[in-house]
Amino acid sequence: MLQAAIDAGAKCAEADPDLFFRADGEPTATWQAQRAEAIRVCHGCPVRAACEELALRDGDGNDRVDDLVRGGRSGCELAALRKRQAQRLSEAMTADEAADAEWRNLIEASVELWAEARVMPTRSAGIRHQAELVAQQNQRLRELADRITAVRSARRARTGWGVAA
């Protein structure tokens, strides 16, 4: 979600990507001026907070090397902030992993539902047996649809869309 927000609205998309990274062997004075310009670009960006959060979660920045700007912060600032917010970041990344698992569950159930709906029960076993096969298939389709509905409802409720959906 953070990356999608950044991709959709980042002001840096209009800037030279090299502005945000120190070149090998670049003099300190040159980098400081470049870093200040990169930070100015970030400060006017509508998705700055999302960019900073993603940089923290991705582990960007180093407290020993000043070589990048992301989310309006230098690499050293990101490293220091990540240390101060270690507990919150750990909880956020755990929540991200749970959401990813939930998303995979939703996709898997949708694929299973689609595949099951395409299957035509065999007619070779007689009418009575075919009716049983169709009933079993319908039950499986209902179970998959219920699983999808449950995951979607939980996701919507957790993100505040429960009322709108």
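By class, how many nonpolar, polar and charged residues does the lining of the second largest pocket have? The views below get there.

**View 1. The largest pocket in the predicted model holds about 600 Å³ of space.** This is a predicted model, where local features need pLDDT of at least 70 and side-chain atom pairs count only at pLDDT 80 or more, while totals for chains, interfaces and linings use all residues. Residues are numbered from 1 along each chain as its sequence is written, and side-chain values use heavy atoms, without hydrogens or water. A pocket here is an open set of points on a 1 Å grid over the protein atoms alone, where a 1.4 Å probe fits, with protein on both sides within 12 Å along at least five of seven lines; lining residues have an atom within 4 Å of a point. Volume means the space filled by probe spheres set on the points, joined across faces, edges and corners.

**View 2. Fifteen residues line the largest pocket.** Nearest its centre sit Met1, Ala95, Asp96, Ala99 and Asp100. Helices are DSSP runs of H or I with at least four residues, strands are E runs of at least two, both numbered from the N terminus.

**View 3. The second largest pocket has a volume of about 350 Å³.** Its lining counts 21 residues, with Ile6, Cys12, Phe20, Cys51 and Arg70 nearest the centre. H1, helix H2 (28–43), H3 and strand E1 (69–70) give two or more residues each; H1 gives the most, with 3. As for the opening question, that lining has 15 nonpolar, 2 polar and 4 charged residues (nonpolar: Ala, Val, Leu, Ile, Met, Phe, Trp, Tyr, Cys, Pro; charged: Asp, Glu, Lys, Arg; polar: the others, Gly among them).
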